[in-house]
Amino acid sequence: MISHSAEETRNLGKKLSAHLKAGDVVLLQGDLGAGKSEFARGVARGLGITGAVPSPSFTILNAYDEGSTPLYHFDWYRIEEAQEIYDMGMEEQLGGDGIALIEWSERAQECLPEKLLEITIHTLDDETREITFIPHGDFPFQEDMIL
């Protein structure tokens, strides 16, 4: 998929949210500034979350329970090893009662379940992004979900 603006990226997230359910894990991959948090904002809006949805860069986890399904937005950029996830008890939000969106998941891959959706966002220019959806395990994803 090609997104030509932050708004289009948020809209893709919003469309995907209609097909996500409690227990789903979604990885958001891409360089700094690629649009991972914009995509997460779209998912949040689609779930009915109306407040601010900032990047969890400094808090590692932002949890939202005002929507139709709890949303756990992780940013593991500052994680140095997987044990930190366990030490903070955050693994309970993976595959649990809500939807987990994870940025910088490569920092603690051993914490991830087999069944997940990987979304890679590549910057093509200032506004344009190429967004790829890769289901792993038996994650139920079809491209027509977001068209």
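Q: At roughly what angle do the axes of α1 and α2 cross?
A: Axes here are lines fitted to C-alpha atoms, for helices over the stretch in contact, with angles running from 0 to 180 degrees between N-to-C directions. The axes of α1 and α2 cross at roughly 45 degrees and come within 6 Å. That makes α1 oblique to α2 (under 35 degrees is roughly parallel, over 145 roughly antiparallel, 65 to 115 roughly perpendicular, and the rest oblique). Helices (H or I, at least four residues) and strands (E, at least two) are DSSP runs numbered from the N terminus. This is a predicted model, in which local features need pLDDT of at least 70 and side-chain atom pairs count only at pLDDT 80 or more, while totals for chains, interfaces and linings use all residues. Residues are numbered from 1 along each chain as its sequence is written, and side-chain values use heavy atoms, without hydrogens and water.

Q: What is the handedness of the crossing of α1 and α2?
A: A crossing is left-handed if the near helix is turned anticlockwise from the far one by less than a right angle, and right-handed if clockwise. The crossing of α1 and α2 is right-handed. On the α1 side the contact (heavy atoms within 4.5 Å) is made by A6, T9, R10, L12, G13, K14, L16 and S17. On the α2 side E38, F39, R41, G42, V43 and G46 make the contact.

Q: Which residues does T9 touch, not counting residues up to four places away in sequence?
A: T9, in helix α1, touches S3, G35, E38, F39 and I131 under that exclusion. T9 has a relative accessible area of 3% and is therefore buried (buried is under 20%, exposed over 50%, partly exposed in between, with a 1.4 Å probe and protein chains only). S17 also lies in helix α1, and at 4% relative accessibility S17 counts as buried. With residues up to four places away left out, S17 touches V43, G46 and L47.

Q: Is A18 buried or exposed?
A: A18 is in the loop between α1 and β2, and its 63% relative accessibility counts as exposed. A18 and V43 are 25 residues apart in sequence and 8.5 Å apart in space, C-alpha to C-alpha.

Q: Which elements do the buried residues of α2 pack against?
A: They pack against α1 (6-17), β2 (25-29), β4, β5, β6 and β7. The buried residues of α2 are K36, S37, F39, A40, G42, V43 and A44. After α2 comes G48, with a positive phi near 95 degrees.

Q: How many aromatic pairs does a search of the whole structure find?
A: A pair of aromatic rings is described by the distance of the centres and the angle of the planes. The search finds four (rings of Phe, Tyr and Trp, the last by its six-membered ring, pair if their centres lie within 6.5 Å; planes under 30 degrees apart are stacked, over 60 edge-to-face, the rest tilted). One of them is the tilted pair of F39 and F133, at 6.2 Å centre to centre and 55 degrees between the planes. F39 is in helix α2 (residues 36-46) and F133 in strand β7 (residues 129-136), 94 residues apart, and the pair links distant parts of the chain. Both F39 and F133 are buried. Ring pairs link F39, F133 and F141 into a cluster.

Q: Which residue lies over the face of Y77?
A: R107 does, at 4.8 Å from the ring centre (the cut-offs are NZ of Lys or CZ of Arg within 6 Å of the ring centre and within 35 degrees of the ring normal). At 34% relative accessibility, Y77 counts as partly exposed.
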